[in-house]
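Biologist: I would like to learn how to read a structure one feature at a time. Could we begin with the overall form and then turn to single residues?

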Amino acid sequence: MTSEGQSIDTLNERFGIVDAVAFDAGRGGLPRIVVATPVAEAHVYLHGAHVTHYQSAGHESVLFLSQQSSFNSGRPIRGGTPICFPWFGVNENMPDAPLHGFARTRPWQVTSARCTDGGKVELKFMLIGDEGTRAWWPHGFQLGFTVTVGDELTMSLELHNDTQTELSCEQALHTYFMVSDVRKVSVHGLENTTFFDKVDGGIRKRQPNGPVTFAGETDRVYQDTEAQCVLEDPPMGRRIINSKSGSRSTVVWNPWWKKSVAMGDFGDDEWPGMVCIETANIGHCAVALKPGHTHSTTARISVEKM
Ligand code: BG6
């Protein structure tokens, strides 16, 4: 048995696909799905339904994963795509509640794995509200997550409201992208968009008519934007394209050196090699979901040479 109570053998018997999908004990003994096809490869931990690696044929790795990350069931993984739900950052009503919600530190259930058209692999996961989650968020819920690994990586979070009342929640697909050097990259697509600047007291600002570039700690919540972001990385000779649907916030984050030193699960020198572009719904862009309704938030990530 793995440390999260699911036997690797059973998972392989139920969901393994020859030459495409295998389960193993990943770092810290946590159950992990390894996808390897001629088109792409990916790793997904059941802990948090956390995608930690994605690489399409002919390109370098897309996601950053910290060398110092925890890999144990009580802690989030640092890198890849943590799922933030049902709140983002600090829970203002419960300051002791886990940062970014509980979804990234819960064991998720795999519900299906299959090969689809164009050599893609589709993996489906589910997190269902229980006593543990109700201690933090007093609602019944079903949260589905679909990962499609092919010449692009698609991640889709589906919240179904099976209660009698409206549900309101924040969420983020908090993707860490691997870059050559954050000081040499730019993020296009957020021109003229309003953001809350968390490194300047959360005040509201407007992005000028130009890309986001990095010259210090950056922690911004861009609001009312459904725009695609393009991360241009000239030293790596590539563009990463993050397009999205069902998401009206985009967070851009790099901790820079001072905050990196203060983070126990992040190397002091790792900050130049990553930038987060997060597909989110935060603050006044939070999801409000009527009884019986379903909401999907999707991030679609692809790479091209430049
Ligand atoms: C970003 C937040 O999304 O996540 C930052 O905007 C935060 O404020 C960062 O520092 C990392 O959060 P955590 O909980 O994974 O350390």
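Modeller: For 306 residues a compact globule would have a radius of gyration near 19 Å, and the chain has 18 Å, which agrees. Please keep in mind that this is a predicted model, in which local features need pLDDT of at least 70 and side-chain atom pairs count only at pLDDT 80 or more, while totals for chains, interfaces and linings use all residues. Residues are numbered from 1 along each chain as its sequence is written, and side-chain values use heavy atoms, with hydrogens and water left out.

Biologist: How many helices and strands are in the chain?

Modeller: Helices (H or I, at least four residues) and strands (E, at least two) are DSSP runs, numbered from the N terminus. By that reading the chain has three helices and 21 strands, and its C-alpha trace spans about 50 × 50 × 35 Å along the principal axes.

Biologist: What percentage of the residues of the chain count as buried?

Modeller: Buried means under 20% relative accessible area, exposed over 50%, and partly exposed in between, with a 1.4 Å probe and protein chains only. Of the 306 residues, 55% count as buried.

Biologist: Which share of the contacts in the chain with a separation of 6 or more comes from residues 24 or more positions apart?

Modeller: A contact means heavy atoms within 4.5 Å, and residues 24 or more positions apart account for 64% of those contacts with a separation of 6 or more.

Biologist: Where does His47 lie, and is His47 buried or exposed?

Modeller: His47 lies in the loop between strand E3 (40–45) and strand E4 (50–56), and His47 is buried, with a relative accessible area of 0%. Its side chain reaches the backbone oxygen of Arg75 at 2.7 Å; a polar contact is a pair of N or O atoms within 3.5 Å, where within protein one must be able to donate a hydrogen and the other to accept it, and residues adjacent in sequence count only if both atoms are side-chain atoms.

Biologist: Which residues does Ser66 touch, not counting residues up to four places away in sequence?

Modeller: Ser66, in the loop between E4 and strand E5 (83–84), is also buried, with a relative accessible area of 0%. Ser66 touches Arg27, Arg78, Asp265, Phe266, Gly267 and Glu270, leaving aside residues up to four places away in sequence. The side chain of Ser66 makes a polar contact with the side chain of Glu270 (2.6 Å), and a polar atom of the Ser66 side chain lies 3.4 Å from the backbone oxygen of Asp265.

Definitions and conventions
The radius of gyration is taken over C-alpha atoms; the globule rule is 2.2 Å times the number of residues to the power 0.38.
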